[in-house]
Amino acid sequence: MLSKEYLAFREAFAKLPPPGELGPDEPPPEGVYLLGGGFPIPEGVTVTKEALGGVPVEWSRPAGAPRDKLIIYLHGGGFQPVPKGLYMDYPFGAILAERSGLNCVAVDYRMMPENHFPDTVHDAAAAYTALLEQGMRAEDIAVTGESAGGNLSLSLWLWCRMYGVARPGAIAALSPAVDLSGTEGAIGRPLAPGRDLTAPLISPRYGDYRGMKRVFVQYGATDLEAFLVGPGEEMIADMRAQGVDVVYDHWPELGHAFAADAGLYPEADEACARAIAFMKAEIGA
């Protein structure tokens, strides 16, 4: 049975405009504040804005976190600015840090309409390789993100495989948008004009995952998720055929990117906890 908190959230969420409909400086509708806009940073977590590999990032550091393990968070939002109160204004990176006990770095990668593929992947890769250059071991880094960020999490692993860079120790893709060839008008073509939208770094559904040991993929089944889950499950089948141990966390009654709503309703708390548990186990944290 769905919690009353989730049902209230879903009602408020239904009032929101689609991502990109409002400009980033326009005042948001009242319901947006449910998703951020003053949502507090967890107690004991210090948040700072810095640069990593020349890319703006937001570090969330919980008290007592180990220095040799961390999470990279790649936010969602359709690769485009969204109304205030979402994503970089909502402290999911800080929530991941507080709940995992690990430092978390959220990458503020370049977005449409000013920027296009491969800028998004290059920014994620620049931040990741900068950590390696600073002495972090790849096997001690977990990468996660929801929706477009789930896409980028998988694309970053594929980029590392393609260029011979040590691959992250864990990937947790939350509601990943894995096939942008089916979203030509809304996202795919504006993101990658003139490109083959089935290229794996654009649509990781078509990637070669040989050499990946395990991966965590999470989907719901309602709202936008119904559009994403089909290609996602095709990707999962391909991964398994390539020898990957896929932990598929499927929630039939939940909507899109629900794990990133941790702190707002119990189902999201549990979904977030499952992703964190996977990442910590994989990197030995």
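How far is the sulfur of Cys104 from the closest cysteine sulfur, and which residue holds that sulfur? In this predicted model, the distance is 9.9 Å and the partner is Cys272, which is too far for a bond. A disulfide is a covalent bond between the sulfur atoms of two cysteines. Here a pair of cysteine sulfur atoms would have to lie within 2.5 Å to count as a disulfide, and the count by this rule comes to zero.

**The chain as a whole**

Let's step back and look at the overall picture. The protein chain is built with seven helices and eight strands. It has 285 residues, and 55% of them count as buried. If you take the contacts between residues at least 6 apart in sequence, 76% join residues at least 24 apart. The chain exposes about 11,900 Å², with carbon and sulfur atoms supplying 53% of that area.

**Two nonpolar cores**

Inside, the largest nonpolar core has 56 residues, and Ile72, Phe79, Leu131, Leu154, Tyr209, Val215 and Met239 are the ones with the most contacts inside it. Helix 4 gives the most to this core, namely eight residues. There is also a second, separate core of 35 residues, which includes Cys104, the residue from our opening question, along with Ile95, Trp251 and Phe258.

**A closer look at helix 4**

Helix 4 runs through residues 148-163, and its 16 residues reach 22 Å from first C-alpha to last, close to the 22 Å expected. Of these 16 residues, 13 are buried, so the helix is mostly covered.

Which residues does Leu154 touch, leaving aside its neighbours within four places in sequence? Its contacts are Ile171, Ala173, Pro176, Val178, Pro204, Tyr209, Val215, Met235 and Met239. Tyr209, Val215 and Met239 are also, like Leu154 itself, among the residues with the most contacts inside the largest core.

**Three buried residues**

Thr129 lies in helix 3, which covers residues 119-133. Not counting residues up to four places away in sequence, Thr129 touches Trp159 and Val165. Is Thr129 buried or exposed? At 19% relative accessibility, Thr129 counts as buried, because the cut-off for buried is under 20%.

| Residue | Relative accessible area | Class |
|---|---|---|
| Thr129 | 19% | buried |
| Cys104 | 0% | buried |
| Cys160 | 0% | buried |

How values were computed
Residues are numbered from 1 along each chain as its sequence is written. This is a predicted model: local features need pLDDT of at least 70, side-chain atom pairs count only at pLDDT 80 or more; totals for chains, interfaces and linings use all residues. Side-chain values use heavy atoms; hydrogens and water are left out. Helices (H or I, at least four residues) and strands (E, at least two) are DSSP runs, numbered from the N terminus. The expected span of a helix is 1.5 Å times one less than its number of residues. Buried means under 20% relative accessible area, exposed over 50%, partly exposed in between (1.4 Å probe, protein chains only). Contact means heavy atoms within 4.5 Å. Accessible areas come from the Shrake-Rupley method with a 1.4 Å probe; for residues, only the protein chains shown count as cover. A nonpolar core is a set of buried Ala, Val, Leu, Ile, Met, Phe, Trp, Tyr and Cys residues joined through side-chain atoms within 4.5 Å.
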